[in-house]
Amino acid sequence: MPVISLEAITKVYKLGDNQVDALRGVSLDIDAGEFVSIVGPSGSGKSTMMHILGCLDRPTDGHYLLNGKDVSALSRDALAEIRNRQIGFVFQGFNLLPRTTALENVEVPLLYSRPILPAAERRARAMAALEMVGLGNRADHHPNQLSGGQQQRVAIARALVNQPSLILADEPTGNLDTKTSIDVMRTLQELREKQGITIVLITHEADIAAYGTRIIAVRDGLILSDKANAPRPALEDEVAPVPMAAVN
Amino acid sequence: MFALMPVNIRLAVRSLNRNRMRSLLTMLGIIIGVAAVLTMVALGTGARGSVEGEVRSAGTNLIFVRAGNYTRGGESVGIAAGLGAAHTLTYADAQAIAAQVPGITAVSPGLSRRTSVVSGASRAFAPVDGIAAAYAKAYTWNIRPGHMLADGSSEAVIGRTLADNLFGKGFDPTGKPITVRDAAYTIVGVTDDTSDEHNEMLFVPWRKLQAGEGIDYLDYIVIAAEKAGEASRIADDVKTLLRQRHGLASAANGQGYISQQGGGAGRPDDFTVETQAAKALTQGLYTPAAAFALANLPKLDEVTLSEMADTLDRASDTMTALLASIAGVSLIVGGIGIMNIMLVSVTERTREIGLRVATGARSLDVALQFLIEAITLSVVGGVVGLMLGFVTARLIGWALDWPVTVSAQSMALAIGIAAAVGLVFGSYPARRASLLDPIDALRTE
């Protein structure tokens with residue numbers, strides 16, 4: 001059974017009298033353990049796809065089966081529960097809470113798990129997630145005391161903390177320099193390899209998409225191409241020379 | 001939903017702490033409002049408490065019958081007799097009152113004198129009253145050391161202050177002889193009454209005082225009502241009874257005199273009935289002024305302590321209304337301030353809300369977070385207001401000489417009102433936050 005199964009998904013936005021067809025019938029299966037990169041220029045519909053995959057939005061038509069369950073028509077709160085249990089998000093802008101420790105940031109999804117976990121249990125699980133991304137020794141740092149790469153790894157720990165079957169990463173390296181980008185991509189690759197977590201990555205950069213095991217190109221609300229890919233290893237010595245000023 | 005309360009409260013405190021100045025300014029309305037509420041309640045209950053205290057300290061509600069009456073000088077057709085100078089009250093009157101007026105617990109005849117009292121080498125000039133044993137019951141006296149004098153005996157009870165003057169401070173004078181106008185008595189007890197008046201007096205059995213002077217009248221009769229609220233009714237009954245007994249009840253004598261007391265036709269009273277309230281009112285007034293007051297305020301003797309309480313209540317009602325409007329206005333303004341700042345906060349933290357919703361927060365979770373933040377803001381304001389109100393109440397109490405009581409209930413009320421303001425004015429921003437679209441919220445910069 002695929003983790004994700006999209007069946008003829010369409011999404012129509014109404015902007016005044018204009019009708020925008022963001023997705024025009026997308027069908028797609030993603031199996032457990034895949035690292036899928038979705039690439040496309042802005043306006044291609046990849047963000048809309050990401051919102052629907054992430055249960056942040058509902059399709060206008062079609063069906064979305066997540067772990068076999070149709071989530072296309074669930075209520076707002078039911079979708080919140082699905083997001084909490086099954087999906088981890090990694091955003092371009094990290095979206096960490098300011099003036100809040102790394103540990104407390106990682107704890108956030110656990111606050112909304114039902115039944116409610118005791119505070120000690122929340123703490124222990126957040127700590128374990130932080131250690132998984134190699135930031136156990138930064139637990140009490142605030143985001144402004146961490147580098148960009150560290151912040152994004154805290155965000156990955158937050159995405160991991162509820163043991164989701166799917167991590168959705170929306171331009172996770174968009175705010176990072178090349179070296180840090182590679183660090184983050186390696187972290188994501190390791191999650192797939194060691195824990196079998198399915199990863200869907202949205203990006204407009206071809207060299208970032210190349211870290212995936214499968215690359216799906218999207219244009220004008222339709223899938224343009226869908227190819228298996230030999231993932232590019234995230235090795236530091238492969239870093240292309242970059243100007244000194246850009247090095248973190 | 002409540003299991004996250006500690007987390008939410010911690011979040012709220014942190015968020016308010018982050019903008020300390022802003023939080024303080026926002027709380028100002030609540031602070032003033034709560035201070036006004038507390039002051040209002042403190043002054044209101046204080047006034048009520050002091051009246052109740054007076055009623056309680058009076059022990060029983062006493063009624064005084066005095067011989068004679070105030071009259072309006074030349075207009076009076078009856079004999080113009082000054083208070084206490086008439087010889088119209090008798091022991092038979094006291095007995096009749098005790099036998100015929102219901103609701104009475106004690107009746108004591110009384111004679112008032114000021115004279116020298118001598119015990120051994122000590123001598124003093126003091127008020128001496130002839131009374132019955134029931135007097136102690138009427139005034140709920142504490143007699144220590146010793147016991148109350150017995151009717152028809154030669155025993156005397158001495159006031160604490162007078163005893164101190166005669167024998168030295170703290171001396172136990174029981175058993176000491178004391179002479180009043182050549183009559184010998186033995187001190188059997190010391191009254192430790194709360195009133196200074198009694199502490200400076202000597203009390204002897206009324207019969208022996210009467211016998212010593214060869215008279216058969218009384219100066220006054222003290223009556224104690226069983227229930228404080230019945231003093232007026234008893235005063236009326238006593239008046240009717242005494243008018244009958246003194247032959248004043250006839251309405252057919254055609255003199256056209258309108259009694260200033262009771263308003264009925266007939267000859268004027270040759271006695272005066274006062275409740276404790278009327279006595280308190282005229283105390284310290286010069287006789288003509290008291291006469292004027294009593295003559296121009298018909299049925300003044302029916303003024304009871306509860307009516308005095310009503311008067312004080314009316315005064316405190318005025319102050320309550322004033323403070324209530326201050327409280328109302330500042331609580332509304334404070335509430336709007338909280339609503340405003342919470343709306344700002346929701347806008348500022350749109351991304352945070354988006355993140356929380358994306359990671360699984362339900363609408364209620366978000367609403368609750370902001371609602372608790374609003375309530376925390378208003379309750380902290382409430383606590384500050386409580387302290388301010390405490391000081392204000394004391395200051396007003398001190399400046400206006402007004403009794404002030406700050407009770408636990410009034411503090412709870414003030415905090416409750418503050419929390420309610422936070423709840424009411426925080427719910428709109430909380431609802432706004434809970435309805436944010438997570439996609440838009442995450443996109444916000």
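R99(A) sits in the loop between β6 (87–90) and α3 of chain A, where helices (H or I, at least four residues) and strands (E, at least two) are DSSP runs numbered from the N terminus. Its phi is near 50°, a positive value in a residue other than glycine. R99(A) is partly exposed, with a relative accessible area of 48%; buried means under 20%, exposed over 50%, and partly exposed in between, using a 1.4 Å probe and protein chains only.

Before going further, a word on what you're looking at: this is a predicted model, where local features need pLDDT of at least 70, side-chain atom pairs count only at pLDDT 80 or more, and totals for chains, interfaces and linings use all residues. Residues are numbered from 1 along each chain as its sequence is written, chains are lettered from A and ligands numbered from 1 in the order in which they are written, and side-chain values use heavy atoms, with hydrogens and water left out.

Now for C55(A), in the loop between α1 (46–53) and β4 (61–66) of chain A. C55(A) isn't a glycine either, yet has a positive phi of about 60°. At 1% relative accessibility, C55(A) counts as buried. Most residues other than glycine have a negative phi, and most peptide bonds are trans.

R114(A) and P115(A) are joined by a cis one, with omega about 0°, and P115(A) is found in the loop between α3 and α4 (119–132) of chain A. Over in chain B, the bond from R144(B) to P145(B) is cis too, with omega near -5°; P145(B) belongs to strand β4 (residues 143–146) of that chain.

Next, look at where the chains meet. Here 26 residues of chain A are in contact (heavy atoms within 4.5 Å) with 27 residues of chain B. Of the residues on chain A's side, R76(A), N95(A) and Y112(A) supply 26% of the area that chain A buries against chain B, more than any other three residues; buried area is the accessible area (1.4 Å probe) that two parts lose on being put together, summed over both. The total buried between the two chains is about 2500 Å², with carbon and sulfur atoms giving 55%.

There are 3 salt bridges between chain A and chain B, each a side-chain nitrogen of Lys or Arg within 4 Å of a carboxyl oxygen of Asp or Glu. R14(B) and E104(A) meet in a salt bridge through their side chains, at 2.9 Å from N to O. The elements giving two or more residues to chain A's side are α2 (76–86) and α3 (102–111), and α2(A) has the largest share, 6 residues.
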